[in-house]
Amino acid sequence: MTRRPDEHLSPDDIDAWLAGQPGTAAQAHVDACDACRETAIADRALIEQLRALPAFAPSPFFADRVMTAVALPDPFALRSLDTARRRLFATRRSLALAATLAVVVVASMGLSVAWSLTHRDTIAAAGTWLTASAGQWLWTALRSAVASATEQPGYGLLRDLAATPARLALLAALVSLTYLGGLFALRKLMTLPSGPVSHANA
Amino acid sequence: MASSRIELASATDQEVVALARHGQETAYRELVRRYERPVFSLVYRMVRDRELAEDLAQETFVKALNAIESYRPEFKFSSWIFKIANNAAIDHLRRRELDTLSLDGSPHAETPEAIEATALQIGDRQETALEEVEARELGGEIESAIARLRPEYRSCILLRHVDGRAYEEIAEILGLPLGTVKTYIHRARNELRVLLGHLKQ
């Protein structure tokens, strides 16, 4: 689009002039027209002032605060997903196989839901039988364990030791002390050495 | 470790985003490092409250980085993050406009006592250290003039002449037609020239 010589500069012309683009007509008009020259020079000064404005920095540890709220994707899961996706789309055969498998899974799920809805009585009866059997089995196991414990040789001694409340308290205190002593010893053993450790090969 | 830091620093935004998508934390941090200052500066100049600007900038990064999978590499990452930041600032300004408190007290107050009780006590208010920093940082004539522009003009002028973004990128960031962006920038420049006219004299 050409501009008449007496026509003032458009904002686009001023932008081009500010950008220093070769536009002899615009330059000639700026040289000749006081109003356009004033606007163009004022714009140039304003833009320089705006460009000189400093960038502000957020407070320290801004990045850390951002990162605490960002959920990083698990690289292992991503890799596995990526591998699975690549293998799936590798050949037409693998894709057909995966599609068949998906159809089978969905169909079997649908069938099982349909069967469950039509055989509610059977499911309820099976549930009752399972609960009763499990309860009976647990009770038998508990009785056997108690009977076996009372037949042990140390049972009589333990019973004598706990015959009075005072003896029972003493026994409990002894057991607690042994337990705490064991814990303390274990902690000592597991403490890392603070000084340098000499190595056989050093 | 140091070499990978240098490699990341010289990588393009798209390359860093690709690494971030593979779960590399250093890549996320690199994106924050690159854009924390420009994003914070834009938001701060929009809302003129340091604490709030920090919250909005943080919200911007969290939103962008948590949705990094949805970022489309054919667009500039800078456009994407500035778009989120600008939307956060504009949304806040619109909300604030709705919630503006009356200096003369609650409009629902019926008695003179109630009006007095609900009026803002500006004279009694102490300026906090943070506000002092803000007053220093944003106290220049040009910063004050920018603050007096309409939010849409402010976004445009800041993106164009402070951040040096191209008109096309600004149109993409603000979701506006190119012609509208140009008009807003020219009007903003005209307003700023008028507002700063006394300096010239």
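Biologist: What percentage of the residues of chain B count as buried?
Modeller: In this predicted model, 44% of the 201 residues of chain B count as buried. Cys156(B) is one of the buried residues, with a relative accessible area of 0%. Chain B still exposes about 11000 Å², and carbon and sulfur atoms supply 52% of that area.

Biologist: How many helices and how many strands does chain B have?
Modeller: Chain B has 12 helices and zero strands. Among contacts in chain B with a separation of 6 or more, 60% join residues 24 or more positions apart.

Biologist: How many disulfides are there over all chains?
Modeller: A disulfide needs two cysteine sulfur atoms within 2.5 Å. By that rule the count over all chains is zero. For Cys33(A), the nearest cysteine sulfur belongs to Cys36(A) and is 3.7 Å away, so with a cut-off of 2.5 Å Cys33(A) is in no disulfide. Cys33(A) counts as buried, at 11% relative accessibility.

Biologist: How much area do chain A and chain B bury between them?
Modeller: The size of an interface is often given as the accessible area lost when the parts come together. Here chain A and chain B bury about 3300 Å², with 63% of it on carbon and sulfur atoms. In chain A, Leu50(A), Phe56(A) and Phe62(A) lose the most area to chain B, together 22% of what that side buries. The contact involves 34 residues from chain A and 38 residues from chain B.

Biologist: How many salt bridges cross the interface of chain A and chain B?
Modeller: The rule finds six. Glu54(B) forms a salt bridge with Arg65(A), their closest N and O atoms lying 2.5 Å apart. Helix 3 of chain A gives the largest share of the side of chain A that touches chain B, nine residues.

Note on methods: Residues are numbered from 1 along each chain as its sequence is written. Chains are lettered from A and ligands numbered from 1 in the order in which they are written. This is a predicted model: local features need pLDDT of at least 70, side-chain atom pairs count only at pLDDT 80 or more; totals for chains, interfaces and linings use all residues. Side-chain values use heavy atoms; hydrogens and water are left out. Helices (H or I, at least four residues) and strands (E, at least two) are DSSP runs, numbered from the N terminus. Buried means under 20% relative accessible area, exposed over 50%, partly exposed in between (1.4 Å probe, protein chains only). Contact means heavy atoms within 4.5 Å. Accessible areas come from the Shrake-Rupley method with a 1.4 Å probe; for residues, only the protein chains shown count as cover. Buried area is the accessible area (1.4 Å probe) that two parts lose on being put together, summed over both. A salt bridge is a side-chain nitrogen of Lys or Arg within 4 Å of a carboxyl oxygen of Asp or Glu.
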